[in-house]
Amino acid sequence: MGNSLRHIRVIAANTFTEAIRQKVLYVLVVFCLLMLGGSSFISQMDFKGDDFKFMKDLAYAGISLVGLLVALLGAALLIPAEVEKRTIYTLLSKPVRKFEFIAGKYLGLVALLTLFVTLMAGIFFIALWGHENALTARELAAGGGRLTEVQTQLVGEYRASAYDPAMIQALALIWAKLCLVTVICVLFSTVASSTVFIVSCTLFVYLIGHLQMIAREYFLGGEVAQWWWKIFLAAVALLIPDFQTFNLSDEIIAGNTVRWVDTAPILAYAGVYALVTLTVSALVFEGREL
Amino acid sequence: MSDDGQREFAVSAAGLTKTFTLEWTRKRLLALDGLELRVRRGEVFGLLGPNGSGKSTTMKMLLGLIKPSAGTVSVFGAAAGSLAARRRLGFLPENPYFPGFLSGREVLNYYGKLVNLHGQRLRARVDELLELVSLTAAADRALKTYSKGMLQRIGLAQALLHDPDLLLLDEPTAGVDPVGSRQMRDLILALRARGKTVIFSSHLLEQVQEVADRVLILHRGKKVREGTLEELLSVRGQSQLTVSGLTPELQTRLSAWLRGEGAELLAAAPPQQKLEDYFIKAVGQ
Amino acid sequence: MKFTLLALALLGAWGAGKIAWENRLLAERNVITVGDAPPMNYQLRDSLGQGLTMAALGGFRGLAADYLWLSLVTAWETQEWERVQTLAELCVLLQPRVAYYWEYGAWNLAWNASISAGSQLRPGRESRANHDAMRWIDAGRGLLERGVKIIPEKPVLYQKLGDLYWDRLKDYGKAAEWYREALRHPNYPKYLERSVGFALEKAGKKREAREYWRGLWDSVSEHPEQSQRRWDVVADHLEKLEAELSGRSAADKEVDH
């Protein structure tokens, strides 16, 4: 047990190092540019909209995309590469169990995702801070250094929106969603060896996962007549996670009240789902001949 | 050595068979057919055969990477692939490829931790092995800058990390230059001197000849020969003499005399130096 | 094979269990989002382009709505009011829980579109222009009235309804009602407290206004000069009304309704 945990940690650290040395962090530059472009875009043209909502939407979409890229490519490139380049033979000739390999790879990717999400969140917070300062300065300038009652209200709203602590929850939700996508990608990586195939399958699950709720309703409602349609709905409802559930982050971006007690069950759902999927991956991999 | 037959052998396999089912056509492919294999402790054992003869399949089954379709295989009495078995063997894969982003030292540290070495012991062991495979100078360079021979040596070093009793070397000299090849051979002999069991596969027969105590020849998944090199290679009823100062005239007389004694001179030619030896001498090693 | 079967069994068992969990999460979600915001449904696919739908489903709904909002701003600048209305409807369909879309969607209709329509005066067609102006006001009001059902917990849409009744319909009594409603929800802007009083006065409900000002004054024991609640204004209005009303008998003609 102690050895297993140590092995998992060592493999995770190796996976993380590999990704970092492949210079994946350069992807962050793209995100920086996105944030910079986004905030200067709304400052320059009078957006006549909720500036902070736009910035948050942009940041969350950016984090989702970059995270998805990291998760998909990480799992779909690194795991098949171990098999293809036969480094896994060396690894498994040591007293290392296959599940330790799978768990180590996964946790290494989770560590990578955590780093990415944290760094992107940092960049995002700086952008928010900058924009809040700019808007407040504009109000101050307009009022000649003193704020009217309405302006004070407005500045207060800017502050509340820019420094909303619930954004941590939204980031946690994105992170959990990305971790779940990663484990699904790991599962596909244990059965297939083509990166394109693995990525396509995972993306398919990702998209269908956003419709899973509808499939579930129909499946439980039992209103569908055709048997093949029923089987399809059952498969979607039973096998695919409900990704829409993570969109509670939309509520947070909209500035509506969401508490940790609302977020925690979703994080727990993602955690248990990831654990089950990881176990399934390990079982599949255990049975696979290399 | 106990009386228990299992204990005497580092590896024993009985009726080892492997069939692969091709994924789409569902055709069955017999990769290994009823192999009997016993490798004694302390032996250097060569597994010979052309490509596709079943060498790699045998190796993989010894490692437990694939399961036999029929038959059994054990390593020091433990089921092949079990943790107990893997704790006692080291493996050098064919054309070893290691994470190129790591340096030689890092890759040994990585694998060292996976065989449960850590701290001071790990550091000491890594230094020792780098020295053994003469890579101390290149230890901190990234593996992607290593030559084929260097990779082979770092591969051997990682196989030796936990000081295993059995070494499995898959084509250890494939694609390696003669100097590297000779180093590998010397290392194998050094390991034998320390009582290790070595099983290696090769299709380069000459190299096998120099180190193997016993060889097994595989062809299309079946054992065709097995034995010591002496048993397999000596030509019965013939002997070889090496003479200096043999003039053509003397040769005629010798030939006539031999015929008179009921023997016959079959061949006479100056003995050829082996090109490998010549080469090694030429490059000053 | 053994492992694969085990894996499939585990996957199936989990699948059966997780559905219940997902339904519970959805139920909890519905509690959080209070109102009757429709879940993402088929409607969407019909009313939006394919690519946009994909983005919306893929978790990029917010950005899609932002894009639509940008288009709305463009349409507003070119005074294409029908288009503004369509886009506002799309925004609130995509993200019904964003108060901003309801608020400014309604503002565009009930103010900008309505004023623009009302100013298209041609001789003999005044009634037509007025009718159009009123139609846009109704459209804005409709949007807000739907909005408060979906986001009932925030003051902002009630406040906007109050503004609409005050500004566009000149129905100050109704405006006071909506402002009062806004005050029942947390984090309302403090000036809104006074808006209720102003609206009541403007509606001619002096008694009610006096009671309101007095209640407001009495709601706290300290009345600092420098505060966002402008106690000076409250005091002025209270005193003015008290003076005005004390001069009359209880059976005055002034009617509060």
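**Group meeting: three chains and how they meet**

Hi everyone. Let's start with a pair that stays apart: chain B and chain C share no contact, and their closest C-alpha atoms lie 12 Å apart. Before I go on, please keep in mind that this is a predicted model.

So which chains do touch? Two pairs of chains are in contact, and the pair with the most contacts is A and C. I'll take that interface, then the one between A and B, and then I'll walk through some local features.

On to chains A and C. The contact draws 60 residues from chain A and 51 residues from chain C. As a reminder, interface size is often quoted as the accessible area that is lost when the parts come together. For chain C with chain A, that buried area is about 4,900 Å², and carbon and sulfur atoms give 65% of it.

What about charges and polar groups here? There are four salt bridges across the interface of chain C and chain A. One of the salt bridges to look at on the screen joins the side chains of K53(A) and D66(C), at 3.1 Å from N to O. The interface of chain C and chain A also has 16 residue pairs in polar contact, both partners being at pLDDT 80 or more.

Which elements of chain C face chain A? Those that give two or more residues to this side are α1 (2–32), α3 (50–77), α5 (99–118) and α9 (191–202) of chain C. The largest share comes from α1(C), with 18 residues. Sorted by class, the side of chain C that touches chain A holds 30 nonpolar, eight polar and 13 charged residues.

Now let's turn to chains A and B. Here 23 residues of chain A are in contact with 30 residues of chain B. Between them, chain A and chain B bury about 2,700 Å², with 59% of that on carbon and sulfur atoms. If you'd like to know where to look in chain A, the residues that lose the most area to chain B are K94(A), P95(A) and E289(A), which together make up 22% of what that side buries.

By class, the side of chain A that touches chain B splits into eight nonpolar, seven polar and eight charged residues.

Let's step through two of the pairings. Strands β1 (residues 9–21) and β4 (residues 70–75) of chain B run antiparallel over five bridges, and A14(B) stands opposite T72(B) in β4(B). Then β4(B) pairs with β5 (residues 78–79) of chain B, also in the antiparallel sense, over two bridges. There, S74(B) stands opposite A79(B) in β5(B). β4(B) and β5(B) make a hairpin with two residues between them, and F76(B) in that turn has a positive phi of about 50 degrees.

That brings me to backbone angles. Most residues other than glycine have a negative phi, so here are two further exceptions. D163(B) has a positive phi near 50 degrees. This residue sits in the loop between α6 (148–160) and β7 (166–170) of chain B.

The other is N187(C), with a positive phi near 65 degrees, in the loop between α8 (172–183) and α9 of chain C.

Are these two buried or exposed? D163(B) is partly exposed, with a relative accessible area of 37%. N187(C) counts as exposed, because its relative accessibility is 73%, over the 50% cut-off.

Notes: Residues numbered from 1 in each chain as written. Chains lettered and ligands numbered in written order. Predicted model: local features only at pLDDT ≥ 70, side-chain atom pairs only at ≥ 80, totals over all residues. Heavy atoms only, no water. Contact = heavy atoms within 4.5 Å. Buried area = accessible area lost by both parts, 1.4 Å probe. Nonpolar A, V, L, I, M, F, W, Y, C, P; charged D, E, K, R; others polar. Pairing = 2+ DSSP bridges. Helix = DSSP H or I, 4+ residues; strand = E, 2+ residues; numbered from the N terminus. Polar contact = N/O pair within 3.5 Å; in protein donor to acceptor, adjacent residues only side chain to side chain. Buried < 20%, exposed > 50% of the residue type's maximum accessible area, 1.4 Å probe, protein only.
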